[in-house]
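Open the model in your viewer and keep the selection panel at hand.

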Amino acid sequence: MLRFATIGTNFITDRFLEAASRCGRLTCAGVYSRKEETAEKFAAKYGVEKIYTDLQELARDPEIDGVYIASPNAFHCSQALLMLEQGKHVLCEKPGASNAREWRRMMEAAGRRGVVLMEAMRSVHDPGFSAIRDNLGKLGRIRRASFQYCQYSSRYDKYKAGIIENAFRPELSNGALMDIGVYCVHPLVRLFGLPSRVEGNALLLDNGLDGEGTILLNYPDMLAELVYSKITDSHIPSQIQGERGCMVLDRIEDTREITLILRDGTREKISIEKPANNMVYEAETWCRLIASGDAQETEREMGYTLQELKVMDMARERMGIRFPADEER
C-alpha cells in the first residue's frame with residue numbers, strides 16, 4: 001500500500017481522494033496546507049491523522065511514500081523538486097509544470113533519486129483514450145485532428161464581479177491554455193508526436209490572462225486544430241479524420257462515446273463504460289509504475305508531458321503569453 005500526502009485542498013483534491021479510495025493501492029496519510037485550520041478541516045473530512053504546514057517537514061517524513069500535488073501551476077516545480085529530492089514519488093496535477101524547462105528539472109531530479117514522477121492527465125489513462133488509440137487504424141492515413149474543449153468557468157462570473165481567484169491569475173501560470181487547452185494538447189502529442197510548426201491566437205482578458213484560444217499545428221502529413229475556452233461553452237465534438245473515414249469523439253477530455261463513420265458506408269458506435277470520476281485510472285497508472293520499477297516506461301510517460309509543455313511553450317510565444325516562471329533563474 002502506497003502512503004501518500006496531498007498538497008492542495010481544493011475540489012480537484014477531493015476528486016482525487018475519491019478516486020484513490022477506489023484504486024485499492026493508495027492510502028492518504030497526510031494533508032498539507034499553509035494554514036493549520038485548513039489542513040485540519042480537510043484532513044478530518046477524510047479521517048487523515050497527519051497534517052503539515054511546513055513542506056520541508058512533509059518532504060522529510062519517512063512514513064510518506066508519495067505526494068499528490070494540486071497546488072497552483074506556478075508552484076508545481078518547486079514543490080515537486082522538494083519532494084523528489086527527498087525520495088518521494090510525485091503525481092502532479094496538469095499541467096505538470098509552468099513550462100518545459102521546469103519539467104526537465106523535475107525529470108532530472110526523479111531520475112537521480114530513482115522515483116516516479118507523473119503528470120495527472122486523467123483523460124489519457126482511461127478506457128476512452130485506449131479505445132481512440134485502438135481504433136485509429138480503421139481510419140487509414142490520418143490527415144486531420146480537430147480537438148475542442150470549451151467550458152464556461154464558474155470562476156469567470158466571479159472575475160467579472162471583480163473577484164479574481166487563482167484560476168484567473170496569470171502570475172500563477174494559469175489561463176485557458178494551461179487549464180483547458182492542455183486537455184487538447186496532451187492527447188494530440190501522445191497520438192501523433194511533436195508537430196513541425198505551431199501557430200496560435202488567444203483572447204486576453206483585462207488582466208492579461210487568456211480566456212480562450214486556438215492553436216494550429218502542422219505535421220509532415222496532417223494538420224491539427226485545437227480550440228479551447230474558459231469563457232464560453234461548445235457543443236461541437238472532436239474529430240480525427242483519415243483517408244478511409246472519420247472518428248467522432250463526444251468529449252476529448254473524458255471520452256465516453258466514439259462514432260466511426262467510414263467512407264465504405266460502415267458506421268460503428270463504441271460506448272465506453274467507466275466511473276463518473278475517471279481519475280482512478282491515473283492513480284492506478286502511478287501505482288503500477290512505482291510497483292514495476294520500469295524506468296523506460298516511466299521515462300516515456302514523462303516524455304509525453306515534456307512534448308505537451310513544449311507545444312504549449314511555442315503556442316504561448318506566438319500568443320504573447322509569458323509567465324513569471326518563464327524567467328530564467
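This is a predicted model: local features need pLDDT of at least 70, side-chain atom pairs count only at pLDDT 80 or more; totals for chains, interfaces and linings use all residues.

**Stop 1: the cavity**

How many cavities of 30 Å³ or more does the structure hold? There is one.

Now select S123, V124, G128, F129, I132, P187, I252, D254 and T255, which line the largest cavity. Colour them by class: five are nonpolar, three polar and one charged. Next, highlight helix 6, residues 127-135. With three residues, helix 6 gives the most to this lining.

**Stop 2: the pocket**

Move on to open space. The largest pocket holds about 1200 Å³. Its lining runs to 39 residues. Select N10, F11, I12, A70 and R155 to find the ones nearest the centre of the pocket.

Which helices each supply at least two residues of this lining? Show helix 1 (11-23), helix 4 (76-85), helix 7 (154-160) and helix 8. Then colour the lining by class: 13 residues are nonpolar, 14 polar and 12 charged.

**Stop 3: the largest nonpolar core**

The largest nonpolar core has 76 residues. Select M106, F192, I215 and I240, the members that touch the most others in this core. Helix 8 spans residues 176-192 and brings 12 residues, the largest share of the core.

Zoom in on I240. Leaving out residues up to four places away in sequence, I240 touches I132, L136, L139, I142, R144, A145, F147, L191, F192, G245, C246 and M247.

A second, separate core has 28 residues. Select L17, C23, L91 and A120, which are among them.

**Stop 4: M118**

Finish at strand 6, residues 117-120, and pick M118 within it. Is M118 buried or exposed? M118 counts as buried because its relative accessibility is 1%, under the 20% cut-off.

Show what surrounds M118. Beyond residues up to four places away in sequence, M118 touches V90, L91, C92, W103, H125, E282, T285, W286, L289 and E301. L91 in that list also belongs to the second core.

Last, draw a distance from M118 to A283. They are 165 residues apart in sequence, yet 10.0 Å apart in space, C-alpha to C-alpha.

Notes: Residues are numbered from 1 along each chain as its sequence is written. Side-chain values use heavy atoms; hydrogens and water are left out. A nonpolar core is a set of buried Ala, Val, Leu, Ile, Met, Phe, Trp, Tyr and Cys residues joined through side-chain atoms within 4.5 Å. Buried means under 20% relative accessible area, exposed over 50%, partly exposed in between (1.4 Å probe, protein chains only). Helices (H or I, at least four residues) and strands (E, at least two) are DSSP runs, numbered from the N terminus. Contact means heavy atoms within 4.5 Å. On a 1 Å grid over the protein atoms alone, a cavity is a set of points where a 1.4 Å probe fits but cannot get out, and a pocket is an open set with protein on both sides within 12 Å along at least five of seven lines; lining residues have an atom within 4 Å of a point. Grid points are joined across faces, edges and corners, and a volume is the space filled by probe spheres set on the points. Ala, Val, Leu, Ile, Met, Phe, Trp, Tyr, Cys and Pro count as nonpolar, Asp, Glu, Lys and Arg as charged, and the others, Gly among them, as polar.
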